[in-house]
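Work through each task before reading its solution.

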Amino acid sequence: MPSVVSLQGVSAYYPTSSDSFFVQSGWTRILEDISFQLSAGEILSIVGESGSGKSTLGKSIVGLVPKISGTFAFRSKTYNPLDMDHLREHIQIIFQDPYSSMNPMMTVSETLEEVIRLYPKTEELNTRMSRLLDRANIPKDALTKYPHELSGGQRQRVCIARSLAVEPEVLICDEIVSALDVSVQAKILNLLKDLAEQKSIAILFTTHDLHVVESFADNVLVMTKGKIAESGSVEDIFQNPANDYTKSLLEAVPGKNHAKESEILMPSSSS
Ligand SMILES: Nc1ncnc2c1ncn2[C@@H]1O[C@H](COP(=O)(O)OP(=O)(O)OP(=O)(O)O)[C@@H](O)[C@H]1O
Ligand SMILES: [Mg+2]
């Protein structure tokens, strides 16, 4: 399958923090020599310890990192993420905290309407609106509600619906279910899986939860210290990790390889 997004030899930098707010002493490299491809309908999970550069990777693709180098391509055509307004409707990003990315003064219907109007299509607003609600599984009675009146899971659905309003081909999801409880997580993951399968949307999914990766992603990219430690299909990497860092990551998963040990350590906690 042809790639929708590809990165070749990408590095990303943030300004080095300095003692003085006014003097910038240089750039710190956060990502180094990142290369991978993402295909239509693929769910690619990015995992790695905190600070390994997962969020920076997602942000660099949509130009939210101030300095980057290397080659970015969308549908085999190179683009500059720092000048990609023409690609906004193709590549969308969603973050962990939906509350901070919503306007507290706007109802759900105003939030969605704003984006629908920004990206006009031939279909009527109402048709697009009800399809979005349907797709993201948002009840109609939520339309008149403000962000503070919604649950965390509902807010994240609205953010997903808002991203889908532009009919993107790529959805970058940065820890979007991490703050939600497990049953709400499962529903949102199912929704994303449907979008990948039925709409062929390519999904880049950043998480620190390897259980989620195992049940949900097709392929996985393991990051450590701003570099790719290894990558491949979830099955291969989980069954046969080649890299020491990946092995330690997998061994640290609660309830996986250590189930017996924890039973021995905590005999009374049967719940
Ligand atoms: N806006 C920023 N300015 C300067 N440095 C930053 C900025 N954002 C992130 N960094 C640094 O970049 C490195 C990678 O951060 P990033 O947020 O990409 O990690 P992460 O893998 O997403 O971590 P987590 O699992 O905690 O979300 C860290 O050392 C972090 O301190
Ligand atoms: Mg992060």
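For the exercises, Ala, Val, Leu, Ile, Met, Phe, Trp, Tyr, Cys and Pro count as nonpolar, Asp, Glu, Lys and Arg as charged, and the others, Gly among them, as polar. The model is predicted.

**Exercise 1.** List the residues around ligand 1 and sort them by class.

**Exercise 2.** Determine the strand order of the open sheet and the way its strands pair.

Solution. The order of the 4 strands is 2-1-4-5, and the pairing is antiparallel. The edges follow: strand 2 (27-39) and strand 5 (77-79) each pair on one side only. Between neighbouring strands the average turn is 15°, direction ignored. Now take one pair: strand 4 (residues 67-74) and strand 5 are joined over 3 bridges in the antiparallel sense. Within strand 5, T78 is the bridge partner of A73.

**Exercise 3.** Classify the packing of helix 2 against helix 4.

Solution. The axes of helix 2 (residues 108-118) and helix 4 (residues 152-164) come within 9 Å and cross at roughly 20°. Angles under 35 degrees count as roughly parallel, and helix 2 and helix 4 are therefore roughly parallel to each other. Their crossing is right-handed. On the helix 2 side the contact uses V108, T111, L112 and V115, and on the helix 4 side V158, A161 and R162. By class, the contact residues of helix 2 with helix 4 are 5 nonpolar, 1 polar and 1 charged.

**Exercise 4.** Is the crossing of helix 2 and helix 3 left-handed or right-handed, and which residues meet?

Solution. The axes of helix 2 and helix 3 (residues 125-135) come within 10 Å, with a crossing angle of roughly 125°. Helix 2 and helix 3 are therefore oblique to each other. The crossing of helix 2 past helix 3 is right-handed. From helix 2, L112, E113 and I116 meet L125, R128, M129 and L132 of helix 3. The contact of helix 2 with helix 3 has 5 nonpolar residues, no polar ones and 2 charged ones.

Notes:
Residues numbered from 1 in each chain as written. Chains lettered and ligands numbered in written order. Predicted model: local features only at pLDDT ≥ 70, side-chain atom pairs only at ≥ 80, totals over all residues. Axes fitted to C-alpha atoms, helices over the stretch in contact; angles between N-to-C directions. Helix = DSSP H or I, 4+ residues; strand = E, 2+ residues; numbered from the N terminus. Parallel < 35°, antiparallel > 145°, perpendicular 65-115°, else oblique. Left-handed = near helix turned anticlockwise from the far one by under 90°. Contact = placed C-beta atoms within 7 Å. Pairing = 2+ DSSP bridges. Near = placed C-beta within 6 Å.
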